[in-house]
Amino acid sequence: MDDRSGALIRTSPHAVSDRNQEACNRSGNPVRKVTVTGTAEVCYPADRATLRVSVGSSKDSVDLATSSVSRRVEYILQTLRQHDVSSQDTTMRKLLHREENFYQMDAEIAVTFSDFEKMEQINSVLLEKLDKSVSIGVPQFFHSAERLSQLREHACVSAVESAQQKARKVSQLLGQTLGPPQLVREEETKEWRTEEEDGGQGAAAASRLPNVPKITASARVSVCFSLRDGSRKKL
């Protein structure tokens, strides 16, 4: 089943024996019911990436070392502003220390992106303009807290939908009409991280492009539905 968000969903509902008779029939009256389980797996790719840009300078005076680094840092920050990168997504660290007869000044700017295409554009601009005077690390991809919350919710809802579809088919087979749910219980949830190679191992070896990791969430729910006699029709 495809989802508009682009997530991959695999469902596998199974009818099970009635284990919730007391919960489904709290009134004590005989009620026809069916209990089914539904399972679903939802896979989301990472929606964030951190890019680290480093510059350094070794000079025989503090002023020369700091000014050399400051000029490049200012160009990096200007490039980020030109690409509409918020200052809230940028952090910077600086360190000045001495090595024998020289002063070493180092600066690192870490930028968090949600737009990976923009990240690639900035990476290219900095490498072209600053060349060997800048060092850019490999992007570190991760899932934001909001993305993980959406993933877990999506898996649970999809499992419930899967159970409902199965219950409707079972009720039709038995000549009954599916009633409202009496009990919904989340039985099991799992999550695991994968870093798939789209083109296989050979393509991965030939490409230096970092893989965007994915997290898969699975959910299994048990749902008890009431049944109504399908032969009862309004005149």
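Residues are numbered from 1 along each chain as its sequence is written, and side-chain values use heavy atoms, with hydrogens and water left out. Because the model is predicted, local features need pLDDT of at least 70 and side-chain atom pairs count only at pLDDT 80 or more, whereas totals for chains, interfaces and linings use all residues.

Helices (H or I, at least four residues) and strands (E, at least two) are DSSP runs numbered from the N terminus. Burial is expressed as relative accessible area, with buried meaning under 20%, exposed over 50% and partly exposed in between (1.4 Å probe, protein chains only). Strand 3 runs antiparallel to strand 10 (residues 214–229), to which 13 bridges join it; two strands pair if DSSP finds at least two bridges between them. Within this pairing, lysine 33 has serine 226 of strand 10 as its bridge partner.

Seven salt bridges were found in a search of the whole structure, a salt bridge being a side-chain nitrogen of Lys or Arg within 4 Å of a carboxyl oxygen of Asp or Glu. One of them joins glutamate 108 to arginine 52, with the closest N and O atoms 3.3 Å apart. Glutamate 108 belongs to strand 6 (residues 102–113) and arginine 52 to strand 4 (residues 48–59), so the contact ties together parts that are 56 residues apart in sequence. Glutamate 108 also forms a salt bridge with arginine 93, where the closest N and O atoms are 3.1 Å apart. Arginine 93 lies in strand 5 (residues 90–99), so its pairing with glutamate 108 in strand 6 connects parts 15 residues apart in sequence. Through shared partners, Arg52, Arg93 and Glu108 are joined into one network of salt bridges.

Arginine 81 is partly exposed, with a relative accessible area of 47%, and glutamate 74 is partly exposed at 40%.

The search for aromatic pairs returned one pair in the whole structure. Rings of Phe, Tyr and Trp (its six-membered ring) pair if their centres lie within 6.5 Å; planes under 30 degrees apart count as stacked, over 60 as edge-to-face and the rest as tilted. The ring centres of phenylalanine 116 and phenylalanine 141 are 5.1 Å apart and the planes are at 80 degrees, so the pair is edge-to-face. The pair links distant parts of the chain, with phenylalanine 116 in helix 3 (residues 116–130) and phenylalanine 141 in strand 8 (residues 140–142), 25 residues apart. Phenylalanine 141 is buried, with a relative accessible area of 14%.

No disulfides, defined as pairs of cysteine sulfur atoms within 2.5 Å, were found in the whole structure. Cysteine 43 is buried at 13% relative accessibility, whereas cysteine 156 is partly exposed at 24%.
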